[in-house]
Amino acid sequence: MAVPSFVQLDPAIERWNRMDAYKHFRFTRRTSLITFTGCVLIPSVIYYVASETQYKFKWTGKRKGDSLVQS
């Protein structure tokens, strides 16, 4: 026996549920650039900035007005 449903199905959600774009993915010039930027370029810049400023400042034992730059 079927149970009545009071929930209406949204066609947009049902279409999104059947999405299978990953099956047809190809590396084009645009997707390669986006992948390179997100996986290589941004982490490299973050690493470079972090390694350059790692020993530049010393926060321990400093008071107001003291210089943070390590000499």
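The model is predicted, so local features need pLDDT of at least 70 and side-chain atom pairs count only at pLDDT 80 or more, while totals for chains, interfaces and linings use all residues. Residues are numbered from 1 along each chain as its sequence is written, and side-chain values use heavy atoms, with hydrogens and water left out.

The chain has two helices and zero strands (DSSP runs of H or I with at least four residues, and of E with at least two, numbered from the N terminus). Its radius of gyration is 27 Å, well over the 11 Å that the globule rule gives for 71 residues, so the chain is more spread out than a compact globule. The radius is taken over C-alpha atoms, and the rule is 2.2 Å times the number of residues to the power 0.38. Along its principal axes, the C-alpha trace spans about 80 × 40 × 15 Å.

Of the 71 residues, 1% are buried (under 20% relative accessible area, with exposed over 50% and partly exposed in between; 1.4 Å probe, protein chains only).

| Residue | Relative accessible area | Class |
|---|---|---|
| Phe25 | 48% | partly exposed |
| Phe27 | 58% | exposed |
| Ile46 | 55% | exposed |

Ile46 lies in helix H2, which covers residues 29–52.

The structure holds one aromatic pair. The ring centres of Phe25 and Phe27 are 5.2 Å apart and their planes stand at 80 degrees, so the pair is edge-to-face (rings of Phe, Tyr and Trp, the last by its six-membered ring, pair if their centres lie within 6.5 Å; planes under 30 degrees apart count as stacked, over 60 as edge-to-face and the rest as tilted).
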